[in-house]
Amino acid sequence: DSLVPFITTACLAAATPGDFPLIFNPQHVSPFVSPRDYQKVYWPTYKKMVDIVVGRGFKLWSLFESNQEQHLECLQDLPKGKVVAHFESTDLAKAKKSLGGRLCIAGGMPPVLLTRGTPQEVQEHTISVLKLFEDEPGFIMTCSTTLPSTAKAENITAWLDTVKEYGRLGGGVSRYSSKASQAAGQPAEPEGEGRYAHMLYG
């Protein structure tokens with residue numbers, strides 16, 4: 001707790017306010033901390049740092065590495081609408097149940113699927129994730145960690161195309177998707193409208 005002023009000062013000194021005032025925060029240690037010790041020792045300090053950063057006008061992108069289902073109840077107390085909770089191995093259904101409507105949830109694409117899977121497997125997995133979040137505005141479909149350099153180009157294309165087609169509130173194929181529009185003789189939707197699933201794959 002005594003390090004909070006030093007950590008937050010160093011963090012904010014390197015931050016740049018602007019149109020995208022977001023600070024990245026990887027959570028490496030917390031998966032290895034028991035719920036009891038987490039709530040007693042780790043959480044109060046982490047929450048204090050988050051509140052300071054948010055209070056200065058920034059949003060926080062936290063990568064919760066490995067499986068952190070045991071800490072989801074604590075994460076409910078993070079500032080509403082100010083944190084992107086990026087999960088690596090945490091069950092997204094459980095994350096949505098605990099944090100939906102409070103935090104922006106990110107993740108959903110295992111890197112191994114992009115490197116070893118097929119376009120059809122990528123499409124099927126993407127649809128299943130988007131179906132889970134079809135009623136959750138602001139969900140970010142991204143790699144559960146980072147995009148691997150060995151990812152197959154055809155898999156990335158399948159992933160992007162599937163999000164464009166299915167990433168909208170209510171689920172299903174968007175009536176504005178390029179394929180659906182062409183079949184119905186309708187104009188395609190302007191980029192970014194009508195969708196809930198943002199995509200970050202770089």
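Start with the largest nonpolar core, which has 40 residues. A nonpolar core here is a set of buried Ala, Val, Leu, Ile, Met, Phe, Trp, Tyr and Cys residues joined through side-chain atoms within 4.5 Å. Select Y46, L75, L78, F87, I105, M109 and W159, the residues with the most contacts inside this core. Then colour helix α2 (residues 35-55), which supplies the largest share of the core, 6 residues. Helices (H or I, at least four residues) and strands (E, at least two) are DSSP runs, numbered from the N terminus. In soluble globular proteins, nonpolar side chains tend to be buried together.

A note on what you are viewing: this is a predicted model, where local features need pLDDT of at least 70, side-chain atom pairs count only at pLDDT 80 or more, and totals for chains, interfaces and linings use all residues. Residues are numbered from 1 along each chain as its sequence is written, and side-chain values use heavy atoms, with hydrogens and water left out.

Next, click on Y46. What does Y46 touch, not counting residues up to four places away in sequence? Look for N25, Q27, Y38, L60, S62, F64 and L78; contact means heavy atoms within 4.5 Å.

Now move to V84 in strand β3 (residues 83-87). V84 counts as buried because its relative accessibility is 11%; buried means under 20% relative accessible area, exposed over 50%, partly exposed in between (1.4 Å probe, protein chains only). Beyond its neighbours within four places in sequence, V84 contacts L60, W61, S62, C104, A106 and I140.

Finish at S66, in the loop between β2 (59-64) and α3 (72-75). S66 is partly exposed, at 32% relative accessible area.
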